[in-house]
Amino acid sequence: MIEDRFDAIVVGAGPSGNAAAYTMAKEGLKVLQLERGEYPGSKNVQGAILYANALEKIIPDFRDDAPLERHVIEQRIWTMDDSSYVGMHYRSNDFNEEQPNRYTIIRAQFDKWFSRKVREAGAILLCETTVKELLRDSHGRVIGVRTDRADGTVFADVVVLAEGVNGLVGERSGLRPVVSSDSVALAVKEMHFLPREVIEARFNLQGNEGVVIEAMGTITAGMTGTAFLYTNQESISVGIGCIVSDFEGTDQTPYGLLEAFKSHPTIKPLLEGSECKEYAAHLIPEGGYSAIPELYGDGWVVVGDAGQFVNAVHREGSNLAMTTGRIAGETITWLKRRRDAPTKANLSEYKRRLDATFVMKDMKKYRKIPQFLHGTKQVFGLYPQLISQAAQTWFRVDGTDKRSKEKEILRSFRKARTLPGLVGDAFKLVRAWR
Ligand SMILES: Cc1cc2nc3c(=O)[nH]c(=O)nc-3n(C[C@H](O)[C@H](O)[C@H](O)COP(=O)(O)OP(=O)(O)OC[C@H]3O[C@@H](n4cnc5c(N)ncnc54)[C@H](O)[C@@H]3O)c2cc1C
């Protein structure tokens, strides 16, 4: 394949792999990046919101030429039942700033752009090349990879596993356990195309302003999951995902959930007249802090989704991927400069640096949330229904006095035997949140 020996091999050309490869190549390290897809982004799926801060730390002037769709000026968070939603909306003109904080993007275009930057920085990229396993020396140290190409072995001082949520290379090599079905969500997504002026009128937007909606409730049929709708320039991304183990024993399918979500009376008019041109499905790691595998060893580190780095509460993943990739790249470069071998002891510096960032702090902060959500399915059924009923009772003006309305709302909670449960769950949530 390639005769040469490299300072680092990066497996995968998603945001984490690109961040790692760019960081090392820019500092003059000899980097080989291997991607199984036809081109970077061809296998990747995201909503997608890009968090500028993580990318700014890698490519400060990315706004000059990155393919960005809309900057987000409005966040809507909805809890839905079958006919309504109760929402919290935050919209601010402050988000119309010179260097906006969040953008919608289309991953296939974004990954191609990021990959071009990686190659311009000096890394070599080989696409349509699947890494099958890690190569080890007689002491068990990782010294390279074997790929599916003829003569497909290639050697390096260190291998960065940026292979995404499935993490088959790490799994086959015994570096991490099999990802369990209760720690990953299966998400499906469609792209619906509309003229940009229609999108802007429907969402009250001007120019490149954008709106994003995150939703939960009966739309996931009692399973732990969420749905989303994001505005791009000339399209709308819409998707839904639930924990894989929740599908077991039900007749629900991700596609069926998405169809129902799109038909919801509050979603349907937003997509009216659009043309659906793309459909994709992908896993999302949602096991949280306790699902993070071993992150480094003799000659290897793990970054991004392969390390389960997703903050499911805040719907952040790509920024954690880029940050872990960057920090892994910086650590490897630092060791190289010091002429220190990438041993397990030396690569522990990666984890030490990571612990000081928002990535580990946030993962730790929300460590009890996955368990709370798995154990509190009312959040995805009964509670949204009661909240919606209460809102309807409250807002419907029908000659009933307000004190009677308050009593009616309390009665509906009592009737569902939920009042003590709701209070208990609220306490559990507060405890899990802290
Ligand atoms: C539906 C959906 C919506 C999401 N929305 C958002 C969002 O709005 N904002 C956000 O920040 N995050 C979001 N995420 C999460 C985000 O997409 C991930 O956290 C992010 O893509 C992780 O980047 P990564 O580089 O670690 O992995 P990936 O992007 O999965 O990249 C891994 C790469 O490795 C390649 N690869 C895998 N195995 C091999 C192998 N053996 N050999 C060679 N190459 C290999 C793959 O082809 C792929 O290109 C979403 C995810 C999904 C599924």
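Here is a chat about the aromatic rings in this predicted model.

Colleague: How many aromatic pairs does the structure hold?

Modeller: There are eight of them.

Colleague: Take Phe-62 and Tyr-103: what makes the pair edge-to-face?

Modeller: Their ring centres are 6.2 Å apart, and pairing asks for centres within 6.5 Å. The planes stand at 85 degrees, and over 60 counts as edge-to-face, so that's the label the pair gets.

Colleague: Where do the two residues of that pair lie in the chain?

Modeller: Phe-62 is in the loop between helix 2 (52-56) and strand 4 (68-80), while Tyr-103 belongs to strand 6 (residues 102-105). They're 41 residues apart, and the pair links distant parts of the chain.

Colleague: Why does Phe-62 count as buried?

Modeller: Buried means under 20% relative accessible area, and Phe-62 has 0%, so it qualifies. Tyr-103 comes in at 7%, which is also under 20%, so Tyr-103 counts as buried too.

Colleague: And why is the pair of Phe-110 and Phe-114 called edge-to-face?

Modeller: The planes are 65 degrees apart, and the cut-off is over 60, so edge-to-face it is. Centre to centre, the rings are 5.9 Å apart. Both Phe-110 and Phe-114 are buried.

Colleague: What separates Phe-110 and Phe-114 along helix 3 (residues 107-120)?

Modeller: About one helical turn, because they're four residues apart in that helix. Ring pairs also bring in Trp-113, making a cluster with Phe-110 and Phe-114.

Colleague: How do you know that the charged end of Lys-30 sits over the ring of Phe-6?

Modeller: It's 5.8 Å from the ring centre, and the distance part of the rule asks for within 6 Å. Lys-112 lies over the face of Tyr-39, at 4.5 Å from the ring centre.

Notes
Residues are numbered from 1 along each chain as its sequence is written. This is a predicted model: local features need pLDDT of at least 70, side-chain atom pairs count only at pLDDT 80 or more; totals for chains, interfaces and linings use all residues. Side-chain values use heavy atoms; hydrogens and water are left out. Rings of Phe, Tyr and Trp (its six-membered ring) pair if their centres lie within 6.5 Å; planes under 30 degrees apart count as stacked, over 60 as edge-to-face and the rest as tilted. Buried means under 20% relative accessible area, exposed over 50%, partly exposed in between (1.4 Å probe, protein chains only). A charge sits over a ring if NZ of Lys or CZ of Arg is within 6 Å of the ring centre and within 35 degrees of the ring normal.
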